[in-house]
Amino acid sequence: MAIYLDFEQNVAELEGRIVELNRLVGGEYGEGESPEIQRLKQSANEAIFKLYANLTPWQIAQVARHPQRPHSLTYIAELFEDFTPLAGDRAYGEDRAIIAGLARFRGTAVAVLGQEKGSDTKSRLKHNFGMPMPEGYRKAVRLMDLANRFRLPVISFIDTAGAFPGIEAEARGQAQAIATSISACLKLTVPSVAVVIGEGMSGGAMAIAAMSRVLMLKYAVYNVISPEGAASILWRDSTKSKDAAEAMKFTADALFRFGIIDGIIPEPLGGAHRFPNEAITAVGSAIQGALEEMQQLSSQELLAVKRTRYLEMGRNIS
């Protein structure tokens with residue numbers, strides 16, 4: 001069952017009428033469609049095109065958080081072969097908000113990381129709504145060390161509202177775990193690609209996103225804090241989230257213009273949640289292209305390019 005965002009009500013009404021007409025007409029037109037259904041479909045497509053051509057930053061944030069948007073496990077299942085998950089940080093325990101493992105990507109052995117939100121109530125609870133604990137980041141560091149040792153490219157999928165902010169996470173060293181994970185990303189001497197597939201917020205997202213190439217889906221968002229958090233800090237009023245979203249410049253277009261990300265991956269009309277297969281295919285092609293770009297670079301060249309990239313970041317922003 002399709003879930004519509006609050007600004008998609010016009011589309012919801014049109015597509016609801018299409019479903020109802022299909023039910024009433026049945027097989028009256030054989031394998032074809034009635035003229036009225038064809039007209040409604042055209043109207044719905046035009047409405048979607050008009051909406052998504054003029055989305056505000058706040059609306060893009062809503063799309064990025066859409067519950068039917070494909071998550072990390074979906075991308076891993078569709079794009080990789082022989083995925084073997086690794087569990088535990090060898091210090092405290094296992095964190096299911098971060099997926100880590102070894103796999104093959106189009107014939108190449110790789111290391112894979114991903115933040116998983118879950119797709120229903122049971123899986124969301126299992127994966128802690130995609131908010132990692134310190135042991136999740138230590139597990140990520142463990143995988144990255146393994147990738148460096150065995151010369152495996154690293155691919156990470158970013159999709160989190162942020163690291164878990166609870167007392168138990170702080171007690172187990174959340175801030176240090178995030179900092180160590182960012183450092184591990186920066187020290188990778190193998191090709192590495194991060195893809196922001198949904199919501200990439202806070203240091204919790206950046207902990208596995210500081211790669212040689214950072215790509216972003218068209219309707220994803222990426223920033224140091226959520227708009228709700230920014231509104232609470234700046235105005236002490238979380239209801240001003242829309243104002244914060246306008247000011248934060250966290251959309252793919254803005255971040256590409258500022259040089260924060262390296263590329264924007266197009267999404268099908270209406271977003272990845274409407275046509276997940278097309279979005280996953282586009283992500284796979286973008287990852288392959290990024291890895292091929294880095295294939296001829298030596299370890300020292302990869303480090304030098306990455307160092308320059310992050311030191312220069314923000315200097316040309318006006």
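Strands (E, at least two residues) and helices (H or I, at least four) are DSSP runs, numbered from the N terminus. Before going on, please note that this is a predicted model, in which local features need pLDDT of at least 70 and side-chain atom pairs count only at pLDDT 80 or more, whereas totals for chains, interfaces and linings use all residues. Residues are numbered from 1 along each chain as its sequence is written, and side-chain values use heavy atoms, with hydrogens and water left out.

In a regular strand the side chains alternate between the two faces of the sheet. In β4, which spans residues 154–160, seven of the seven residues are buried, so the strand is largely enclosed by the rest of the structure. Let us look at its partners, remembering that two strands pair if DSSP finds at least two bridges between them. With β3 (residues 108–115), β4 pairs in the parallel sense over four bridges, and V112 stands opposite I155. The pairing of β4 with β5 is also parallel, over six bridges; there, F157 has V195 as its bridge partner.

β2 and β3 run antiparallel over eight bridges, with F105 opposite T108. The two form a hairpin with two residues between them, and R106 in the turn has a positive phi of about 50°. β2 also pairs with β1 (residues 81–85), in the antiparallel sense over three bridges, and T84 of that pairing has L102 as its partner in β2.

F157 leads us on to the packing. A nonpolar core is a set of buried Ala, Val, Leu, Ile, Met, Phe, Trp, Tyr and Cys residues joined through side-chain atoms within 4.5 Å. In the largest one, which has 62 residues, F80, F157 and Y222 touch the most other members. Helix α13 (residues 276–294) gives the most to this core, with seven residues. Apart from it lies another core, of 26 residues, among them V11, L40, L55 and V63.

V63 belongs to the buried residues of α3, a helix (residues 57–64) with eight of its eight residues buried. These pack against α2 (35–52), β5 (192–201), β7 (221–223), α10 (227–234) and α11 (241–248).

Y222 brings us, finally, to a pocket. Beyond its neighbours within four places in sequence, Y222 is in contact (heavy atoms within 4.5 Å) with residues including V196, M206, F250 and I260. The largest pocket has a volume of about 310 Å³ and is lined by 18 residues, of which M206, Y222, V224, I260 and M313 lie nearest its centre. The elements that give two or more residues to this lining are α8 (174–186), β7, α12 (252–258) and α14 (299–312). A pocket is an open set of points on a 1 Å grid over the protein atoms alone, where a 1.4 Å probe fits, with protein on both sides within 12 Å along at least five of seven lines; lining residues have an atom within 4 Å of a point. Its volume is the space filled by probe spheres set on the points, which are joined across faces, edges and corners.

Methods: Buried < 20%, exposed > 50% of the residue type's maximum accessible area, 1.4 Å probe, protein only.
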